[in-house]
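Have the structure open while you read.

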Amino acid sequence: MSTDPSGVGVQDSAKLAITDKTGSHSASGFLNRGPRSDRKTVTFGDSSAVRSDWRWSLVSLVLLFFVWWATTRAWGFPSEFQIAEEANYRQIANCNCDDEFTQIVGPRSFPAPRDTWDALKELTTDGFQNISLWEHTWASLSRVLKGMFWGVTVGVPVGFAMGLSSKARGFFDTPVELFRPIPPLALIPLFILAFGIGDAPAVRLLIFASIWIMIIAARSGVQTANLSKVRAAYSLGASKTQVLKNVLLPNALPELFTGIRVALGVSWGTLVAAELVGARDGLGQMIFAARPFFRLDVIVAGIIVIAVLGVLMDILLRVLESVLIPWRGKG
Amino acid sequence: MKDLSVRNVDMVYDVPKGEDVQALKDVSFDLESGRLLTLLGPSGCGKTTLLNILAGFLAPTGGTVTLGDDVITGPSQERGMVFQQGALFEWLTVAKNIGFGPRMNRANKAETAAKTEELLDTVGLSGFGDAMVYELSGGMQQRVALARCLANDPDVILMDEPLGALDALTREKMQKLVLDLWNETGKTVILVTHSVEEALYLGDRLFVMAPRPGRIEREYDLPFAEMALTRDARELKASPEFIEKREEILSLIWEMEEEIMGRAG
Ligand SMILES: Nc1ncnc2c1ncn2[C@@H]1O[C@H](COP(=O)(O)OP(=O)(O)OP(=O)(O)O)[C@@H](O)[C@H]1O
Ligand SMILES: [Mg+2]
């Protein structure tokens, strides 16, 4: 956050009112007139005057939706006839090979919003291949949660140790620097062969995806502790354990939260890929299983569910963050 | 109450690439309990280093420091520190910051709460106990830092440019607060400042330090801190005696600056 007073919005005027009691700030009258950026004459090039205007976000959302609707309306989703025809071909050719089908029938048309909506309804009621959307979603979510749980529980203490002791730093530097650059996706074949199909390889892959991020976040959270704060705590009679619990941990919380958000994003992306090949349920498995049946509507619906869940998790974490760490950026 | 004794303290910083820095050379002095000592001197003369040694954050490369009968080997709550800024815990409320020391000592909760209220009143912040520290102005934050330090009832209070980041007006008010607290509590105070006026006004003892190597160049016993308890600050600072001392010290510091420049050039 900037300490630039001109970056103060309306929402901060309540806080400023406290300092007003001393009379040392008389800015609140001015602030009541609205965001200060409105009063700025130089805005082009002043990044503090630029924030996301939600009205324009709405415009782009509507526009995207319109483009989707307009283009798919023109080209249309495969008709009943097309689907029947495909099934026919499939029987004749007695072949499950999609590439061949695509060659024969031509590329599938993109499903319209309407078709996707119908697919979504079907998924929530009947499910796909006897597994409901809720089961798929829960399978995916629980894998991510398990992966994050272990990533955080192991990663944070290791990161703290690395920030606190030269020995631990030296010891863990090797594995961290060695394994961190490996893209988790590159491990999928290895994990499937080593751990089989199902929950185990996916969860282990997610631990791998999140743990390095958490270690680095925790390490830098400890390192950013202001020396004066630590020294002040010792001078006030705190023991090492008390400094850890009462100074280093709260001080690292903002970084830990950022780490969790990044790790969650990476896990979510890795998970879908892992499920594409290594699972019997889950959202990634669902969209992959829909491919041989040309169920583009199911695929697009699945993608939308994945995207929306990703956004929701991020929003949830942001809200949690503003509730749990109101001091963020104000040290 | 304990006297402070500094004996032949040397501090040499080991600079990995380059020459070692002699931050302090053979510094010795005694400070009876209850005095207010101000440290003044050009940048780099070792004021912060000396304070950190007294606080126990740094071990000197030579010499010893004792408070009462105990040799100082590490930080302790009998020596409280007020930093220039940024040392408050921004995740705690003002009251929780002030009660930090007693909480670390697992003191009685009700007693801590009562003491916190009392200290809030002492530093003129009654009613701000539940505010977060980042909601306060710089001057108010330094008052919280003072109160937090006092909550542990230290024998010695060390302050490294505690008022350096404040505007002139707030600074004058805070100077008066420091004087009043010193007078009421009778604690030993050591305060580092860059302002000659502040050093003269607050110190009942003053060391002018010189750099390369860092040492005590001259000592003064001063009457102004005592006088300030009864006299108006502005009037005192405008009095002929005060101005005379101020000019004397200023010219001493200028001489040192010129010597440094001459040596460097
Ligand atoms: N950690 C360190 N490593 C190496 N040299 C240091 C270190 N800390 C301080 N010094 C050097 O020691 C000398 C004294 O530094 P110190 O910070 O005590 O000065 P100061 O009087 O507090 O200065 P200022 O008025 O600028 O705060 C300086 O020359 C400085 O460069
Ligand atoms: Mg200094």
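The points below go from the ligand to the chain interface and then to a few backbone details.

1. First, the ground rules. This is a predicted model, where local features need pLDDT of at least 70, side-chain atom pairs count only at pLDDT 80 or more, and totals for chains, interfaces and linings use all residues. Residues are numbered from 1 along each chain as its sequence is written, chains are lettered from A and ligands numbered from 1 in the order in which they are written, and side-chain values use heavy atoms, with hydrogens and water left out.

2. Now the ligand. The shell around ligand 1 (residues with a heavy atom within 4 Å of it) is made of B:Tyr13, B:Val21, B:Ala23, B:Ser43, B:Gly44, B:Cys45, B:Gly46, B:Lys47, B:Thr48, B:Thr49, B:Glu161 and B:His194. By class, that comes to four nonpolar, six polar and two charged residues. For the classes, Ala, Val, Leu, Ile, Met, Phe, Trp, Tyr, Cys and Pro are nonpolar, Asp, Glu, Lys and Arg are charged, and the others, Gly among them, are polar.

3. Which residues put an N or O atom beside a ligand oxygen? The side chain of B:Ser43 does, at 2.5 Å, and so does the side chain of B:Lys47, at 2.8 Å. With B:Cys45 a backbone N or O atom is involved, 3.3 Å from an oxygen of ligand 1. As for cover, the protein takes up 63% of the 640 Å² of accessible area that ligand 1 has on its own (Shrake-Rupley method, 1.4 Å probe).

4. Where do those shell residues sit? Helices (H or I, at least four residues) and strands (E, at least two) are DSSP runs, numbered from the N terminus.

5. On to the interface. Chain A puts 26 residues in contact with 29 residues of chain B, contact being heavy atoms within 4.5 Å. Between them the two chains bury about 2,500 Å², 67% of it on carbon and sulfur atoms; buried area is the accessible area (1.4 Å probe) lost when two parts are put together, summed over both. In chain A, the residues losing the most area to chain B are A:Arg231, A:Ser235 and A:Leu236, together 27% of what that side buries.

6. How many salt bridges cross between chain A and chain B? The partners are A:Lys229 and B:Glu90, at 3.1 Å from N to O. A:Lys229 lies in helix α11 of chain A and B:Glu90 in the loop between β6 (79-82) and α2 (94-98) of chain B, so the pair joins two chains.

7. The peptide bond from B:Arg212 to B:Pro213 is cis, with omega near -10 degrees, and B:Pro213 belongs to the loop between β9 (205-210) and β10 (215-221). B:Asp26, in strand β2, has phi near 50 degrees, a positive value in a residue other than glycine.

Key: A polar contact is a pair of N or O atoms within 3.5 Å; within protein, one must be able to donate a hydrogen and the other to accept it, and residues adjacent in sequence count only if both atoms are side-chain atoms. A salt bridge is a side-chain nitrogen of Lys or Arg within 4 Å of a carboxyl oxygen of Asp or Glu.
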